[in-house]
Amino acid sequence: METQIKHVVIAGGGTAGWLAAAALAKLFGKQIQVTLIESAEIGRIGVGEATIPPLRNFHRLLGIAEPAFMTATQATFKLGIEFSNWAQVGDNYLHSFGITGKDCWACDFHHFWLKGRERGIASDFADYSIESQAARQMKLLPGDAGRLNYAYHLDAGLYAEFLRSHALKFGAKHIDAKITDVIVAESTGFIEALQLDNGERISGDLFLDCTGFSALLIGKTLNVKYEPYGHFLPCDSAVAVQSQRAGEPRPYTQSIAHEFGWQWRIPLQQRVGNGMVYCSRYVSDDEAKTRLLANLDGDAITDTRMFRYHTGRRQSAWHKNCVAIGLSSGFLEPVESTSIHLAMSGVLRLLKLFPRTGIDPVRVAEYNRQTVEEIEKIRDFIILHYHATERRDSPFWRYCNDMAIPDSLASRLTLFKKTGLFPIHNKELFQIDSWLQVMLGQGIVPLDHHPIVELMDDDELGRFLNGYQQMVRHAVAAMPSHSQALTAYRKRREPESRLVSHTLASHTFESQA
Ligand SMILES: Cc1cc2nc3c(=O)[nH]c(=O)nc-3n(C[C@H](O)[C@H](O)[C@H](O)COP(=O)(O)OP(=O)(O)OC[C@H]3O[C@@H](n4cnc5c(N)ncnc54)[C@H](O)[C@@H]3O)c2cc1C
């Protein structure tokens, strides 16, 4: 297709659709028209309330001010995820977003920690991370001052509305109607227009499929196949409910494993989002729901909602003149809150590879290559959570523990177990600090460490480890509580432009923005 792209039509107005509309309208609004079609009657999925740090950079790109965003979406801060019962029943560790310890030119910090542990002079790995300690003590200093790596918990419905207001402000056009037909040119296989139930026919040059799990354009119309990951990521169902807030909101998500899956608790300013993720082969919907309702912190304030899904990805996220963004392009798992991130990075990738003259296959192939690379790395990290368990108490956990894992993950785990080495590839979302916290948290401890560590005698190593731990303690002691930080933000409604000058310390996550 040689035609210059002048009109981008976005089908669907969930988080993915409005993220795409806001970014395209803000950055390309002078060159292209952006139209978003959504059906209020069909509605949005309404879950997806935990995020990861790169979202802050994306907000910065859009000129979104943090205090305004937090007020509009009832958001709280998120320093990581607490995993309970994942390695064994009764255990608990935190995957925080921060850096643990201090590395040297030859090796990462955990090599020093491993030797210290062997000699009985190192404490818990999490004691060397500011974010972990701040999370445990319910503390947080937002913005530049704290230099913390954090993300947010947000209300999914309010967030889509918030993004919508930005997209409309940047010039995007909005149509509330149901798409009844997708018109495809027989000669090229390109989408020509969307037929709406109000009689309108919306033609465009590039179409974004943001229709969620229904994948109306990329799946149902263009028949792009789905590559399933169910054998690695066996959970296929969820039940969700909102509950009353009980106590001060925690600055981290809770992930509590059960015999057949796991439960999330996402604390917002006024309520808590809860859900049970499970594998329908091992538990009935009723039992999963009963277990969820029995494990709420506060009283339920909504009815429960059920979800069925297939973990996997679209074989090509970009096909012809259609790009799938959001759930239409695939779904891994809610466990590391990566879905909104993948929608965001899909949008950014599209912006970076946006065609000047027309859609050519080389550009499309590059978009798809990058997409697969990104998803497979994240997929491996998520599989690690299920596979690296010592739980043998239920058929579900025995399956996860025994299942074959991708070679890409298996070879990394072998290297780490034997040597303590863990190479991170270019542009990988989850960096060494994330992998380490999950591997160590779930009982994978290497047999060896780097020889350079032997240059330090016990006294020197002890001083190094204690010194770092003291620094962490002092930094956290000086922080306000999470609740105080939220209250201060509620009082301070910054003008939008202020945020652009913030430099964000998002160093443990490969920034996509
Ligand atoms: C159980 C569960 C938990 C999750 N938890 C997290 C999490 O913690 N963190 C995270 O990042 N992600 C999470 N996700 C994923 C997250 O919900 C999605 O990535 C995010 O909400 C984006 O969804 P979407 O916009 O692709 O789809 P949707 O919200 O489903 O939006 C689809 C849009 O398409 C429109 N539409 C569909 N068909 C038509 C039609 N025929 N005509 C017109 N409009 C149409 C709908 O009206 C809607 O506007 C979770 C998902 C599930 C299932």
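**A cysteine pair, and a helix pair**

Tutor: The sulfur of C107 lies 4.0 Å from the closest cysteine sulfur, which belongs to C104, and this is too far for a bond. This is a predicted model, in which local features need pLDDT of at least 70 and side-chain atom pairs count only at pLDDT 80 or more, while totals for chains, interfaces and linings use all residues. Residues are numbered from 1 along each chain as its sequence is written, and side-chain values use heavy atoms, with hydrogens and water left out. The structure holds zero disulfides, a disulfide being a pair of cysteine sulfur atoms within 2.5 Å. C107 is buried, with a relative accessible area of 6%, whereas C104 is partly exposed, at 26% (buried means under 20%, exposed over 50% and partly exposed in between, with a 1.4 Å probe and protein chains only).

Turning to the helices, the axes of α1 (residues 15-28) and α9 (residues 339-352) come within 10 Å and cross at roughly 30 degrees (helices are DSSP runs of H or I, at least four residues, numbered from the N terminus; axes are lines fitted to C-alpha atoms over the stretch in contact, with angles from 0 to 180 degrees between N-to-C directions). This angle makes α1 roughly parallel to α9, a term for angles under 35 degrees. The contact, meaning heavy atoms within 4.5 Å, includes L19, A23 and L27 of α1 and A343, M344 and V347 of α9.

Terms used
Helices (H or I, at least four residues) and strands (E, at least two) are DSSP runs, numbered from the N terminus. Angles under 35 degrees count as roughly parallel, over 145 as roughly antiparallel, 65 to 115 as roughly perpendicular and the rest as oblique.
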